[in-house]
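Here is a briefing on one protein model. Please look over the sequence and the structure before reading on.

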Amino acid sequence: MAANDLPNLGIPARLAARMSMAEQHAYLREKLTRSPRSTGRSGPTRRGVLRGGGLMVAGAAGAAGLVVGSDTALDQGPGNPADAGGPPAPAPSKAVVDGKLVAPFGRHLAFGADPKTRMNVSWQVPFAVRRPYLRVGLKPWELDRKVPAEVRDLHTPSLGRGLPAIEQLYLHVGLDGLRPGTTYYYGVGHDGFDPTAAERLGTVGSFTTAPADSTEPFVFTAFGDQGVGPEALTGGQAVLGQNPAFHLHAGDICYADDTGHGKKSDTYDARLWDQLLAQTEPVASRVPWMVTTGNHDMEAWYSPDGYGGQTARWSLPGTGPDPDRAPGVYAFEYGNVGVIALDANDVSYEIPANRGYTDGAQTRWLERTLKRMRAARGIDFVVVFFHHCAYSTATHGSDGGVREAWVALFEKHHVDLVINGHNHVYERTDPVRGGAPTRAVRVGDVTDPVRDGTVYVTAGGGGRELYDFSAPDSYEGHIEERDSVPGIRWGEGRREERGEAEWSRIRYTGFSFLAVECEGGRRPSLSVTALARSGRRVDHFVVRR
(Lines give C-alpha, C1' and ligand atoms only; values in the text may rest on other atoms or scores of the structure.)
Protein backbone atom coordinates (compact mmCIF):
# COMPACT_ATOMS: atom_id res chain seq x y z
CA MET A 1 0.00 0.00 0.00
CA ALA A 2 1.40 3.38 -0.96
CA ALA A 3 1.37 6.41 1.28
CA ASN A 4 -1.03 8.24 -1.04
CA ASP A 5 -3.61 5.50 -0.48
CA LEU A 6 -4.18 7.02 2.95
CA PRO A 7 -4.91 10.71 2.44
CA ASN A 8 -6.37 11.11 5.93
CA LEU A 9 -2.91 10.52 7.42
CA GLY A 10 -1.44 13.31 5.33
CA ILE A 11 2.02 11.78 4.78
CA PRO A 12 3.18 12.50 1.23
CA ALA A 13 4.54 9.43 -0.50
CA ARG A 14 8.00 10.92 -1.08
CA LEU A 15 8.27 12.00 2.54
CA ALA A 16 7.11 8.64 3.91
CA ALA A 17 9.73 6.83 1.84
CA ARG A 18 12.53 8.80 3.55
CA MET A 19 11.24 8.61 7.12
CA SER A 20 12.49 6.18 9.73
CA MET A 21 10.07 4.35 12.02
CA ALA A 22 10.74 6.85 14.82
CA GLU A 23 10.21 9.85 12.52
CA GLN A 24 6.96 8.39 11.22
CA HIS A 25 5.82 7.72 14.79
CA ALA A 26 6.43 11.35 15.69
CA TYR A 27 4.56 12.52 12.59
CA LEU A 28 1.52 10.35 13.41
CA ARG A 29 1.49 11.48 17.01
CA GLU A 30 1.49 15.11 15.95
CA LYS A 31 -1.17 14.47 13.32
CA LEU A 32 -3.51 12.44 15.52
CA THR A 33 -2.91 14.08 18.89
CA ARG A 34 -5.29 16.60 20.39
CA SER A 35 -2.83 18.38 22.68
CA PRO A 36 0.97 18.43 23.02
CA ARG A 37 0.88 17.29 26.63
CA SER A 38 -0.65 13.97 25.65
CA THR A 39 2.18 12.91 23.36
CA GLY A 40 4.55 11.74 26.05
CA ARG A 41 3.24 8.23 26.38
CA SER A 42 5.01 5.84 24.04
CA GLY A 43 3.55 2.52 25.13
CA PRO A 44 3.41 0.40 28.26
CA THR A 45 6.51 -0.16 30.32
CA ARG A 46 7.41 -2.89 32.72
CA ARG A 47 6.36 -2.41 36.32
CA GLY A 48 8.04 -2.99 39.63
CA VAL A 49 7.96 -6.17 41.66
CA LEU A 50 5.77 -7.00 44.66
CA ARG A 51 5.89 -9.97 46.94
CA GLY A 52 2.79 -12.10 47.38
CA GLY A 53 2.58 -15.31 49.37
CA GLY A 54 5.54 -17.56 48.61
CA LEU A 55 5.86 -16.12 45.11
CA MET A 56 7.22 -12.91 43.72
CA VAL A 57 4.60 -11.22 41.60
CA ALA A 58 5.25 -8.78 38.76
CA GLY A 59 3.73 -5.40 39.53
CA ALA A 60 -0.04 -5.16 39.66
CA ALA A 61 -0.62 -1.45 39.29
CA GLY A 62 -4.32 -0.71 39.40
CA ALA A 63 -5.22 -4.32 40.12
CA ALA A 64 -6.60 -3.64 43.58
CA GLY A 65 -9.36 -1.53 42.11
CA LEU A 66 -10.99 -1.34 38.72
CA VAL A 67 -9.38 -2.06 35.38
CA VAL A 68 -8.83 1.16 33.43
CA GLY A 69 -11.99 2.21 31.67
CA SER A 70 -14.69 1.16 34.13
CA ASP A 71 -15.45 3.86 36.70
CA THR A 72 -13.24 6.58 35.27
CA ALA A 73 -12.74 7.90 31.79
CA LEU A 74 -10.69 5.51 29.70
CA ASP A 75 -7.22 6.84 28.98
CA GLN A 76 -7.34 7.11 25.22
CA GLY A 77 -3.61 7.30 25.02
CA PRO A 78 -1.76 9.97 23.12
CA GLY A 79 -4.29 10.98 20.53
CA ASN A 80 -7.91 10.94 19.44
CA PRO A 81 -8.79 9.62 15.99
CA ALA A 82 -11.46 12.29 15.66
CA ASP A 83 -8.62 14.76 15.11
CA ALA A 84 -7.50 12.72 12.08
CA GLY A 85 -10.79 13.05 10.28
CA GLY A 86 -11.76 9.44 11.06
CA PRO A 87 -14.66 8.21 13.16
CA PRO A 88 -14.63 9.45 16.76
CA ALA A 89 -13.21 7.23 19.47
CA PRO A 90 -15.85 5.29 21.42
CA ALA A 91 -16.83 7.14 24.58
CA PRO A 92 -15.60 5.22 27.63
CA SER A 93 -18.50 3.83 29.60
CA LYS A 94 -18.81 4.58 33.29
CA ALA A 95 -20.98 1.49 33.74
CA VAL A 96 -19.34 -1.61 35.13
CA VAL A 97 -19.98 -4.76 33.12
CA ASP A 98 -21.14 -7.64 35.29
CA GLY A 99 -18.03 -9.79 35.70
CA LYS A 100 -20.13 -12.94 35.32
CA LEU A 101 -20.67 -12.00 31.68
CA VAL A 102 -16.99 -11.39 30.86
CA ALA A 103 -14.79 -14.40 30.08
CA PRO A 104 -10.98 -14.05 29.89
CA PHE A 105 -9.41 -15.31 26.66
CA GLY A 106 -6.13 -15.42 24.78
CA ARG A 107 -4.05 -16.89 27.58
CA HIS A 108 -0.38 -17.20 26.65
CA LEU A 109 2.73 -18.13 28.60
CA ALA A 110 6.32 -16.95 28.36
CA PHE A 111 9.34 -17.74 30.47
CA GLY A 112 10.73 -15.23 32.90
CA ALA A 113 14.47 -14.63 33.10
CA ASP A 114 15.05 -18.09 34.62
CA PRO A 115 12.72 -20.80 33.17
CA LYS A 116 13.39 -22.98 36.23
CA THR A 117 11.77 -20.52 38.64
CA ARG A 118 9.86 -17.87 36.66
CA MET A 119 6.83 -17.88 34.38
CA ASN A 120 4.79 -15.04 32.90
CA VAL A 121 1.05 -15.54 32.34
CA SER A 122 -0.84 -13.12 30.09
CA TRP A 123 -4.44 -12.89 28.94
CA GLN A 124 -7.09 -10.51 27.66
CA VAL A 125 -10.58 -9.34 28.60
CA PRO A 126 -13.05 -7.82 26.13
CA PHE A 127 -14.49 -5.38 28.70
CA ALA A 128 -13.29 -3.65 31.83
CA VAL A 129 -13.59 -5.81 34.96
CA ARG A 130 -12.94 -5.42 38.68
CA ARG A 131 -9.86 -6.82 40.41
CA PRO A 132 -8.40 -9.24 37.82
CA TYR A 133 -6.18 -11.96 39.24
CA LEU A 134 -4.49 -15.30 38.72
CA ARG A 135 -4.87 -18.34 40.97
CA VAL A 136 -2.04 -20.86 41.02
CA GLY A 137 -1.31 -24.12 42.82
CA LEU A 138 0.12 -27.62 42.56
CA LYS A 139 -3.28 -29.28 41.96
CA PRO A 140 -6.04 -28.13 39.62
CA TRP A 141 -8.56 -28.25 42.46
CA GLU A 142 -6.28 -26.42 44.91
CA LEU A 143 -5.34 -23.06 43.36
CA ASP A 144 -4.55 -21.68 46.78
CA ARG A 145 -2.54 -18.58 45.84
CA LYS A 146 -4.33 -15.55 44.45
CA VAL A 147 -2.18 -13.00 42.65
CA PRO A 148 -3.41 -9.58 41.43
CA ALA A 149 -2.79 -8.87 37.75
CA GLU A 150 -1.11 -5.94 36.09
CA VAL A 151 -3.30 -4.13 33.54
CA ARG A 152 -1.88 -2.76 30.29
CA ASP A 153 -4.45 -0.87 28.26
CA LEU A 154 -3.80 -0.27 24.58
CA HIS A 155 -5.54 2.40 22.50
CA THR A 156 -5.43 2.25 18.71
CA PRO A 157 -6.98 5.17 16.82
CA SER A 158 -8.64 4.92 13.44
CA LEU A 159 -5.66 4.65 11.09
CA GLY A 160 -7.49 4.55 7.76
CA ARG A 161 -9.31 2.06 5.55
CA GLY A 162 -12.47 2.64 7.59
CA LEU A 163 -10.97 0.87 10.62
CA PRO A 164 -12.55 1.82 13.95
CA ALA A 165 -10.68 3.03 17.01
CA ILE A 166 -10.00 0.09 19.31
CA GLU A 167 -9.49 -0.22 23.08
CA GLN A 168 -7.83 -3.42 24.29
CA LEU A 169 -7.07 -4.62 27.81
CA TYR A 170 -4.21 -7.04 28.47
CA LEU A 171 -3.52 -8.60 31.86
CA HIS A 172 -0.22 -9.97 33.12
CA VAL A 173 1.15 -11.82 36.13
CA GLY A 174 4.84 -12.66 36.56
CA LEU A 175 5.43 -15.59 38.91
CA ASP A 176 8.77 -16.07 40.64
CA GLY A 177 10.03 -18.46 43.31
CA LEU A 178 8.69 -21.50 41.45
CA ARG A 179 10.18 -24.98 41.86
CA PRO A 180 12.28 -26.39 38.99
CA GLY A 181 10.80 -29.27 37.03
CA THR A 182 7.35 -28.81 38.58
CA THR A 183 3.90 -28.69 37.00
CA TYR A 184 1.68 -25.85 38.21
CA TYR A 185 -2.00 -25.29 37.56
CA TYR A 186 -3.50 -21.85 37.14
CA GLY A 187 -6.72 -20.06 36.43
CA VAL A 188 -7.37 -16.43 35.54
CA GLY A 189 -10.36 -14.44 36.67
CA HIS A 190 -11.84 -11.28 38.17
CA ASP A 191 -14.78 -10.27 40.34
CA GLY A 192 -17.68 -12.35 39.10
CA PHE A 193 -15.52 -14.91 37.27
CA ASP A 194 -13.82 -17.38 39.62
CA PRO A 195 -11.81 -20.06 37.79
CA THR A 196 -12.08 -22.37 40.81
CA ALA A 197 -15.89 -22.51 40.62
CA ALA A 198 -17.15 -25.91 39.51
CA GLU A 199 -18.55 -24.54 36.25
CA ARG A 200 -15.21 -22.83 35.44
CA LEU A 201 -12.78 -25.72 36.03
CA GLY A 202 -12.53 -26.26 32.29
CA THR A 203 -10.68 -22.93 32.07
CA VAL A 204 -7.83 -24.10 34.35
CA GLY A 205 -4.49 -24.42 32.54
CA SER A 206 -1.06 -25.72 33.47
CA PHE A 207 2.63 -25.21 32.83
CA THR A 208 5.86 -26.96 33.79
CA THR A 209 9.04 -25.16 34.81
CA ALA A 210 12.43 -26.10 33.38
CA PRO A 211 14.23 -28.99 35.07
CA ALA A 212 17.13 -28.40 37.44
CA ASP A 213 19.05 -31.22 35.72
CA SER A 214 20.58 -29.87 32.51
CA THR A 215 21.00 -33.41 31.11
CA GLU A 216 17.27 -34.17 31.05
CA PRO A 217 16.07 -34.56 27.44
CA PHE A 218 13.36 -32.31 26.02
CA VAL A 219 11.85 -31.10 22.74
CA PHE A 220 11.22 -27.58 21.51
CA THR A 221 9.43 -26.48 18.35
CA ALA A 222 9.78 -23.45 16.06
CA PHE A 223 8.25 -21.64 13.14
CA GLY A 224 7.68 -18.09 11.92
CA ASP A 225 5.13 -16.17 9.87
CA GLN A 226 1.94 -17.46 11.45
CA GLY A 227 -0.95 -15.03 11.03
CA VAL A 228 -4.63 -15.79 11.47
CA GLY A 229 -6.53 -18.43 9.53
CA PRO A 230 -7.08 -22.17 9.04
CA GLU A 231 -3.46 -23.01 8.20
CA ALA A 232 -2.17 -21.02 11.15
CA LEU A 233 -4.66 -22.76 13.45
CA THR A 234 -3.72 -26.26 12.37
CA GLY A 235 -0.04 -25.35 12.65
CA GLY A 236 -0.48 -24.65 16.35
CA GLN A 237 -2.26 -27.95 16.84
CA ALA A 238 0.57 -29.79 15.08
CA VAL A 239 3.07 -28.16 17.43
CA LEU A 240 1.13 -29.33 20.47
CA GLY A 241 1.39 -32.92 19.22
CA GLN A 242 5.15 -32.78 19.83
CA ASN A 243 4.66 -32.02 23.55
CA PRO A 244 7.30 -29.27 23.41
CA ALA A 245 8.88 -27.66 26.46
CA PHE A 246 8.60 -24.32 24.63
CA HIS A 247 7.96 -22.90 21.17
CA LEU A 248 10.08 -20.34 19.32
CA HIS A 249 8.17 -17.95 17.06
CA ALA A 250 10.58 -16.28 14.62
CA GLY A 251 8.50 -13.14 14.02
CA ASP A 252 5.62 -11.92 11.85
CA ILE A 253 3.24 -13.08 14.51
CA CYS A 254 -0.18 -11.72 13.58
CA TYR A 255 -0.06 -9.69 10.35
CA ALA A 256 -2.40 -7.05 11.72
CA ASP A 257 -0.11 -4.86 9.61
CA ASP A 258 -0.36 -6.69 6.29
CA THR A 259 2.16 -4.54 4.42
CA GLY A 260 5.14 -4.89 6.74
CA HIS A 261 7.17 -2.01 5.34
CA GLY A 262 7.61 -0.26 8.67
CA LYS A 263 6.10 2.90 7.18
CA LYS A 264 3.48 5.20 8.59
CA SER A 265 1.49 4.55 5.44
CA ASP A 266 1.12 0.99 6.76
CA THR A 267 -2.17 0.52 8.56
CA TYR A 268 -3.08 -2.30 10.88
CA ASP A 269 -6.25 -3.78 12.26
CA ALA A 270 -5.66 -4.27 16.00
CA ARG A 271 -8.67 -6.59 16.19
CA LEU A 272 -6.66 -9.30 14.44
CA TRP A 273 -4.57 -9.60 17.60
CA ASP A 274 -7.71 -10.69 19.45
CA GLN A 275 -8.19 -13.43 16.87
CA LEU A 276 -4.52 -14.45 16.97
CA LEU A 277 -4.43 -14.80 20.74
CA ALA A 278 -7.70 -16.75 20.78
CA GLN A 279 -6.38 -18.97 17.99
CA THR A 280 -3.12 -19.81 19.77
CA GLU A 281 -4.63 -20.15 23.26
CA PRO A 282 -5.05 -23.97 23.17
CA VAL A 283 -1.27 -24.27 22.73
CA ALA A 284 0.18 -21.07 24.19
CA SER A 285 -1.77 -21.48 27.43
CA ARG A 286 0.36 -24.53 28.25
CA VAL A 287 3.51 -24.14 26.10
CA PRO A 288 5.62 -20.99 26.61
CA TRP A 289 5.22 -19.07 23.36
CA MET A 290 8.55 -17.28 22.91
CA VAL A 291 8.19 -14.63 20.21
CA THR A 292 10.50 -12.17 18.56
CA THR A 293 9.77 -9.32 16.16
CA GLY A 294 9.41 -9.43 12.39
CA ASN A 295 8.87 -6.63 9.91
CA HIS A 296 5.07 -7.08 10.15
CA ASP A 297 5.32 -6.58 13.93
CA MET A 298 6.45 -2.96 13.63
CA GLU A 299 3.22 -1.04 14.36
CA ALA A 300 4.15 2.59 14.22
CA TRP A 301 1.45 4.31 16.24
CA TYR A 302 2.28 2.77 19.61
CA SER A 303 5.89 3.84 20.13
CA PRO A 304 8.84 5.39 18.27
CA ASP A 305 10.11 1.96 17.22
CA GLY A 306 6.69 0.42 16.69
CA TYR A 307 6.82 -2.08 19.56
CA GLY A 308 4.44 -0.51 22.09
CA GLY A 309 1.77 -2.97 21.04
CA GLN A 310 4.11 -5.86 21.70
CA THR A 311 4.97 -4.67 25.20
CA ALA A 312 1.25 -4.39 25.95
CA ARG A 313 0.41 -7.89 24.71
CA TRP A 314 3.44 -9.93 25.80
CA SER A 315 5.54 -10.38 28.91
CA LEU A 316 8.89 -11.74 27.72
CA PRO A 317 12.01 -12.56 29.77
CA GLY A 318 13.29 -8.97 29.79
CA THR A 319 16.92 -10.05 29.72
CA GLY A 320 17.98 -8.01 26.68
CA PRO A 321 19.81 -4.69 26.60
CA ASP A 322 16.57 -2.62 26.74
CA PRO A 323 13.40 -4.67 27.46
CA ASP A 324 11.02 -1.71 27.17
CA ARG A 325 12.34 -0.50 23.83
CA ALA A 326 13.34 -3.88 22.31
CA PRO A 327 11.08 -6.49 23.93
CA GLY A 328 11.90 -9.13 21.30
CA VAL A 329 15.59 -9.19 22.28
CA TYR A 330 16.29 -11.56 25.16
CA ALA A 331 17.99 -14.79 26.19
CA PHE A 332 17.18 -17.76 28.40
CA GLU A 333 18.61 -21.16 29.24
CA TYR A 334 16.62 -24.39 29.30
CA GLY A 335 18.38 -27.64 30.12
CA ASN A 336 21.60 -27.81 28.12
CA VAL A 337 20.51 -25.22 25.53
CA GLY A 338 21.01 -21.46 25.55
CA VAL A 339 18.47 -19.59 23.43
CA ILE A 340 18.93 -16.05 22.08
CA ALA A 341 16.14 -13.99 20.47
CA LEU A 342 17.17 -11.07 18.26
CA ASP A 343 15.37 -8.25 16.44
CA ALA A 344 16.69 -8.24 12.88
CA ASN A 345 14.75 -5.06 12.06
CA ASP A 346 17.67 -3.33 13.79
CA VAL A 347 20.18 -4.48 11.15
CA SER A 348 18.10 -5.19 8.02
CA TYR A 349 19.07 -3.75 4.66
CA GLU A 350 15.91 -5.03 2.96
CA ILE A 351 13.41 -3.30 5.27
CA PRO A 352 15.37 -0.46 6.91
CA ALA A 353 12.61 1.39 8.80
CA ASN A 354 14.15 0.48 12.18
CA ARG A 355 17.72 -0.03 11.05
CA GLY A 356 20.12 1.17 13.75
CA TYR A 357 17.43 1.93 16.32
CA THR A 358 19.45 0.35 19.16
CA ASP A 359 22.60 2.21 18.04
CA GLY A 360 24.61 -1.02 18.17
CA ALA A 361 23.51 -1.99 21.70
CA GLN A 362 21.82 -5.19 20.52
CA THR A 363 24.94 -6.44 18.73
CA ARG A 364 27.18 -5.63 21.69
CA TRP A 365 24.74 -7.47 23.98
CA LEU A 366 24.71 -10.43 21.57
CA GLU A 367 28.49 -10.74 21.74
CA ARG A 368 28.47 -10.61 25.55
CA THR A 369 25.67 -13.17 25.74
CA LEU A 370 27.33 -15.59 23.33
CA LYS A 371 30.57 -15.36 25.29
CA ARG A 372 28.73 -15.96 28.59
CA MET A 373 26.77 -18.93 27.27
CA ARG A 374 29.82 -20.59 25.81
CA ALA A 375 31.54 -20.31 29.20
CA ALA A 376 28.48 -21.48 31.18
CA ARG A 377 28.65 -24.85 32.81
CA GLY A 378 25.96 -27.21 31.55
CA ILE A 379 25.23 -25.33 28.30
CA ASP A 380 26.14 -27.59 25.38
CA PHE A 381 24.28 -25.82 22.57
CA VAL A 382 23.43 -22.27 21.56
CA VAL A 383 20.38 -21.64 19.37
CA VAL A 384 19.69 -18.16 17.93
CA PHE A 385 16.39 -17.16 16.34
CA PHE A 386 15.24 -14.01 14.59
CA HIS A 387 13.10 -13.06 11.62
CA HIS A 388 15.04 -11.92 8.51
CA CYS A 389 17.07 -14.63 6.82
CA ALA A 390 20.83 -14.72 6.93
CA TYR A 391 20.81 -17.42 4.23
CA SER A 392 17.81 -18.18 2.02
CA THR A 393 17.10 -18.42 -1.70
CA ALA A 394 13.30 -17.96 -1.55
CA THR A 395 11.31 -14.79 -2.34
CA HIS A 396 12.90 -12.39 0.18
CA GLY A 397 16.37 -13.87 -0.27
CA SER A 398 19.16 -13.20 2.25
CA ASP A 399 19.64 -9.99 4.22
CA GLY A 400 23.16 -8.62 3.89
CA GLY A 401 22.65 -6.42 6.94
CA VAL A 402 22.09 -9.50 9.09
CA ARG A 403 25.17 -11.16 7.68
CA GLU A 404 27.40 -8.13 8.22
CA ALA A 405 26.23 -7.54 11.79
CA TRP A 406 25.98 -11.03 13.24
CA VAL A 407 27.33 -13.92 11.17
CA ALA A 408 30.95 -13.36 12.23
CA LEU A 409 29.83 -13.54 15.87
CA PHE A 410 27.92 -16.77 15.20
CA GLU A 411 31.05 -18.27 13.69
CA LYS A 412 33.37 -17.01 16.41
CA HIS A 413 31.25 -18.58 19.14
CA HIS A 414 30.27 -21.70 17.16
CA VAL A 415 26.50 -21.16 17.26
CA ASP A 416 24.90 -24.55 16.70
CA LEU A 417 21.66 -23.59 14.98
CA VAL A 418 20.14 -20.38 13.59
CA ILE A 419 16.38 -20.29 12.98
CA ASN A 420 14.73 -17.64 10.78
CA GLY A 421 11.32 -16.92 9.29
CA HIS A 422 10.47 -14.18 6.74
CA ASN A 423 10.46 -16.53 3.74
CA HIS A 424 7.30 -18.65 3.86
CA VAL A 425 9.02 -21.94 3.08
CA TYR A 426 11.36 -24.45 4.67
CA GLU A 427 15.00 -24.21 3.66
CA ARG A 428 18.12 -25.57 5.30
CA THR A 429 21.75 -24.83 4.51
CA ASP A 430 24.83 -26.94 4.70
CA PRO A 431 27.08 -25.76 7.53
CA VAL A 432 28.42 -22.35 6.54
CA ARG A 433 31.62 -20.54 7.41
CA GLY A 434 32.87 -17.38 5.77
CA GLY A 435 29.84 -17.24 3.49
CA ALA A 436 30.50 -20.66 1.93
CA PRO A 437 29.51 -24.25 2.75
CA THR A 438 32.22 -26.33 4.38
CA ARG A 439 30.72 -29.74 3.55
CA ALA A 440 27.50 -31.35 2.40
CA VAL A 441 25.11 -32.32 5.20
CA ARG A 442 22.41 -34.39 3.56
CA VAL A 443 19.20 -35.69 5.10
CA GLY A 444 20.10 -37.75 8.17
CA ASP A 445 23.72 -36.57 8.39
CA VAL A 446 25.58 -35.39 11.50
CA THR A 447 27.42 -32.07 11.79
CA ASP A 448 29.77 -30.57 14.35
CA PRO A 449 29.62 -26.74 14.44
CA VAL A 450 33.18 -26.41 15.74
CA ARG A 451 34.54 -28.43 12.85
CA ASP A 452 32.00 -27.59 10.14
CA GLY A 453 30.32 -24.25 10.86
CA THR A 454 26.75 -23.14 11.56
CA VAL A 455 23.58 -24.52 9.98
CA TYR A 456 20.85 -21.98 9.10
CA VAL A 457 17.19 -22.99 8.88
CA THR A 458 14.36 -20.95 7.40
CA ALA A 459 11.16 -22.12 9.09
CA GLY A 460 8.65 -19.63 7.69
CA GLY A 461 5.84 -22.07 6.94
CA GLY A 462 3.81 -21.21 10.05
CA GLY A 463 0.54 -20.39 8.31
CA ARG A 464 0.71 -17.48 5.89
CA GLU A 465 0.58 -17.87 2.10
CA LEU A 466 3.55 -19.80 0.78
CA TYR A 467 6.45 -18.39 -1.25
CA ASP A 468 8.45 -19.85 -4.14
CA PHE A 469 11.98 -20.97 -4.84
CA SER A 470 13.81 -20.32 -8.08
CA ALA A 471 15.09 -23.91 -8.00
CA PRO A 472 13.23 -27.23 -7.58
CA ASP A 473 12.18 -28.41 -4.15
CA SER A 474 14.54 -30.98 -2.65
CA TYR A 475 13.55 -32.75 0.56
CA GLU A 476 13.42 -36.18 2.16
CA GLY A 477 11.86 -38.61 -0.29
CA HIS A 478 12.11 -36.07 -3.11
CA ILE A 479 15.76 -35.17 -3.54
CA GLU A 480 16.66 -32.83 -6.43
CA GLU A 481 20.22 -31.79 -5.63
CA ARG A 482 21.86 -28.81 -7.32
CA ASP A 483 25.48 -27.64 -7.06
CA SER A 484 24.15 -24.08 -6.79
CA VAL A 485 20.81 -22.28 -7.03
CA PRO A 486 19.93 -18.65 -7.88
CA GLY A 487 19.36 -16.21 -5.05
CA ILE A 488 19.47 -12.57 -4.05
CA ARG A 489 21.15 -10.77 -1.20
CA TRP A 490 20.04 -7.35 0.01
CA GLY A 491 22.84 -4.84 0.24
CA GLU A 492 23.05 -1.37 1.72
CA GLY A 493 20.47 1.02 0.31
CA ARG A 494 18.13 -1.91 -0.56
CA ARG A 495 20.43 -2.90 -3.39
CA GLU A 496 19.63 -6.33 -4.84
CA GLU A 497 22.72 -8.44 -5.40
CA ARG A 498 21.97 -11.48 -7.52
CA GLY A 499 24.15 -14.56 -7.66
CA GLU A 500 24.43 -18.28 -7.10
CA ALA A 501 24.14 -19.93 -3.68
CA GLU A 502 26.10 -23.14 -3.10
CA TRP A 503 24.89 -23.60 0.49
CA SER A 504 21.18 -24.38 -0.13
CA ARG A 505 20.75 -28.07 0.70
CA ILE A 506 17.04 -28.70 1.48
CA ARG A 507 14.08 -26.78 0.03
CA TYR A 508 10.40 -27.50 0.74
CA THR A 509 7.43 -25.42 -0.38
CA GLY A 510 4.77 -26.23 2.20
CA PHE A 511 3.42 -25.46 5.66
CA SER A 512 5.87 -26.91 8.16
CA PHE A 513 7.62 -26.47 11.49
CA LEU A 514 10.73 -27.59 13.36
CA ALA A 515 10.86 -30.09 16.20
CA VAL A 516 14.24 -30.20 17.95
CA GLU A 517 15.04 -33.02 20.38
CA CYS A 518 17.75 -32.04 22.85
CA GLU A 519 19.91 -34.64 24.60
CA GLY A 520 22.47 -33.95 27.32
CA GLY A 521 24.97 -36.17 29.05
CA ARG A 522 28.27 -37.51 27.74
CA ARG A 523 27.32 -37.19 24.03
CA PRO A 524 25.02 -34.19 23.77
CA SER A 525 23.06 -33.74 20.56
CA LEU A 526 20.37 -31.71 18.85
CA SER A 527 18.23 -33.84 16.55
CA VAL A 528 16.55 -31.36 14.20
CA THR A 529 13.47 -32.50 12.30
CA ALA A 530 11.31 -30.55 9.85
CA LEU A 531 7.72 -31.78 9.71
CA ALA A 532 5.08 -30.98 7.13
CA ARG A 533 1.62 -30.12 8.41
CA SER A 534 0.54 -33.70 7.66
CA GLY A 535 3.25 -34.98 10.01
CA ARG A 536 5.43 -36.17 7.15
CA ARG A 537 9.14 -35.68 7.76
CA VAL A 538 10.78 -33.50 5.11
CA ASP A 539 14.24 -33.13 6.66
CA HIS A 540 16.29 -34.26 9.63
CA PHE A 541 19.88 -33.87 10.71
CA VAL A 542 21.88 -34.02 13.94
CA VAL A 543 24.13 -31.45 15.58
CA ARG A 544 26.59 -33.17 17.89
CA ARG A 545 29.36 -31.95 20.14
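**Salt bridges**

A search of the whole structure finds 27 salt bridges, each a side-chain nitrogen of Lys or Arg within 4 Å of a carboxyl oxygen of Asp or Glu. This is a predicted model: local features need pLDDT of at least 70, side-chain atom pairs count only at pLDDT 80 or more, and totals for chains, interfaces and linings use all residues. Residues are numbered from 1 along each chain as its sequence is written, and side-chain values use heavy atoms, with hydrogens and water left out.

- Arg131 forms a salt bridge with Asp191, with 2.8 Å between the closest N and O atoms. Arg131 lies in the loop between β4 (119-125) and β5 (133-137) and Asp191 in the loop between β9 (183-189) and β10 (205-208), so the pair ties together parts 60 residues apart in sequence. Helices (H or I, at least four residues) and strands (E, at least two) are DSSP runs, numbered from the N terminus.
- Arg131 is partly exposed, at 37% relative accessible area. Asp191 is partly exposed too, at 27%. Buried means under 20% relative accessible area, exposed over 50%, and partly exposed in between (1.4 Å probe, protein chains only).
- Asp539 forms a salt bridge with Arg428, the closest N and O atoms being 3.0 Å apart. Asp539 sits in strand β29 (residues 537-544) and Arg428 in strand β19, so this pair ties together parts that are 111 residues apart in sequence.
- Asp539 is buried, with a relative accessible area of 0%. Arg428 counts as buried, at 0% relative accessibility.
- Arg505 and Asp430 meet through their side chains in a salt bridge (2.9 Å, N to O). The pair links distant parts of the chain: Arg505 is in strand β26 (residues 504-508), and Asp430 is in the loop between β19 and β20 (432-433), 75 residues apart. Both Arg505 and Asp430 are buried.
- A network of salt bridges links Glu404, Arg489, Arg495 and Glu497.

**Overall architecture**

- The protein has eight helices and 29 strands.
- Of its 545 residues, 59% count as buried.
- Take the contacts in the protein with a separation of 6 or more: residues 24 or more positions apart account for 72% of them. Contact means heavy atoms within 4.5 Å.

**Aromatic pairs**

- The count comes to 20 aromatic pairs. Rings of Phe, Tyr and Trp (its six-membered ring) pair if their centres lie within 6.5 Å; planes under 30 degrees apart count as stacked, over 60 as edge-to-face and the rest as tilted.
- Phe111 and Tyr334 form a tilted pair, 5.8 Å centre to centre with 40° between the planes. Phe111 lies in strand β3 and Tyr334 in strand β14 (residues 330-334), so the pair ties together parts that are 223 residues apart in sequence. Phe111 and Tyr334 are buried.
- Ring pairs link Phe111, Phe218, Phe220, Phe246, Tyr330, Phe332, Tyr334 and Phe385 into a cluster.

**Phe385**

- Phe385 is found in strand β16 (residues 381-385). Phe385 is buried, with a relative accessible area of 1%.
- Not counting residues up to four places away in sequence, Phe385 touches several residues, including Leu248, Met290, Tyr330, Ile340 and Ile419.
- Phe385 and Tyr456 are 71 residues apart in sequence and 9.8 Å apart in space, C-alpha to C-alpha.

**Backbone**

- Most residues other than glycine have a negative phi.
- Tyr255 is not a glycine, yet has a positive phi of about 70°. Tyr255 lies in the loop between β12 (246-249) and α4 (271-284). Tyr255 is buried, at 4% relative accessible area.
- His422 also has a positive phi, about 75°, although it is not a glycine. His422 lies in the loop between β18 (417-420) and β19 (426-429). His422 is buried, at 2% relative accessible area.

**Cysteines**

- The whole structure contains zero disulfides, a disulfide being a pair of cysteine sulfur atoms within 2.5 Å.
- Cys389 is buried, with a relative accessible area of 1%. Cys518 is buried, with a relative accessible area of 0%.
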